[in-house]
Amino acid sequence: MIPSQLLVSATFLVFCFLKVSSSATFTAAVYEHAVILPNVTLTPVSSEEALALMNRNLDLLEAAIISAAKQGAQIIVTPEDGIYGMIFTRTSIYSYLEDIPDPQVNWIPCDNPNRFGLAPVQRRLSCLAKGNAIYVVANIGDKKPCNTSDPQCPPDGRYQYNTNVVFDSQGKLVARYHKVCTLLKCKTTNVQSCGDSVDTAATRFEMFSLSGTFGTQYVFPEVLLSEVQLAPREFQVMSDGRLQSLQPTSRPLLTVTLFGRFYDRDGLRDASIDLGAHALRGLVMVLMPILYALCW
């Protein structure tokens, strides 16, 4: 079932051509779907039930990965929380987590899935990358045991991380990024901050096109270049709704966003209606440093 609260419906896919040198380019795809969510519960479900839910979302990702590869993409970025959903407690998410090793171990889960314990999600992502000869960027959950002598170790004896992983076109795990949140005190308010703010970029595009499927006619574009600069006369909304660059960007590209707006939902108490629009910005911001790292 597709949640009706999402601002952005079903599918979001963008292809872009990145200039990495005078003679080298590659094609990247970014994909988003309305995530199949688990039932809200305060207690953990079984590992089998968790895997069944994740496989339903992986089925959607598989179709997108195959489609992107057939259209010539060399890398695809899939959405945050796109495999297991959201609205968990620390305890209830545990069944969805896997042990994700350091990429230096030189591991292809598709070929050796049980080298670091059961890892069915990593195995499937690895096989999708290898079978379609494409880099796959995905968001999954990592778990790491810790010693109670560690003053930062949680009472249950483990760290849990919201984690981005990258599998190369051979299916090898080549990158693992733990999102780390810290609690900041602004004088009267505690603010959760995940990582540092980003206001500079290093990746230039010769051509960039962004489109999405929305359940509203009110869609607003936003383009920001490095150092949070606007891009007047560099992008145009086409007759079919695509936001497309008119020329190579004058500065490295920081974010490109399409916001869908449901005015008839103003005043609703359910904050989840805002998730879809924010997800598009997050996907593009994640894509930029990954593309730059792979190129250089």
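## Basis

This is a predicted model in which local features need pLDDT of at least 70, side-chain atom pairs count only at pLDDT 80 or more, and totals for chains, interfaces and linings use all residues. Residues are numbered from 1 along each chain as its sequence is written, and side-chain values use heavy atoms, with hydrogens and water left out.

## Helix α2

Helix α2 covers residues 120-132. Helices (H or I, at least four residues) and strands (E, at least two) are DSSP runs, numbered from the N terminus. The expected span of a helix is 1.5 Å times one less than its number of residues. The 13 residues of α2 should therefore span 18 Å, and the end C-alpha atoms are 18 Å apart, which agrees.

Which residues of α2 are buried? They are Val121, Gln122, Arg124, Leu125, Ser126, Leu128 and Ala129. Buried means under 20% relative accessible area, exposed over 50%, and partly exposed in between (1.4 Å probe, protein chains only). The cover over these buried residues includes α1 (47-70), β4 (135-145) and β5 (158-167).

Most residues other than glycine have a negative phi. Ala133 is not a glycine, yet its phi is positive, about 50°. Ala133 counts as exposed because its relative accessibility is 52%.

Arg233 is not a glycine either, and has a positive phi of about 65°. Its loop runs between β11 (219-225) and β12 (235-237). At 72% relative accessibility, Arg233 also counts as exposed.

Technical notes
Contact means heavy atoms within 4.5 Å.
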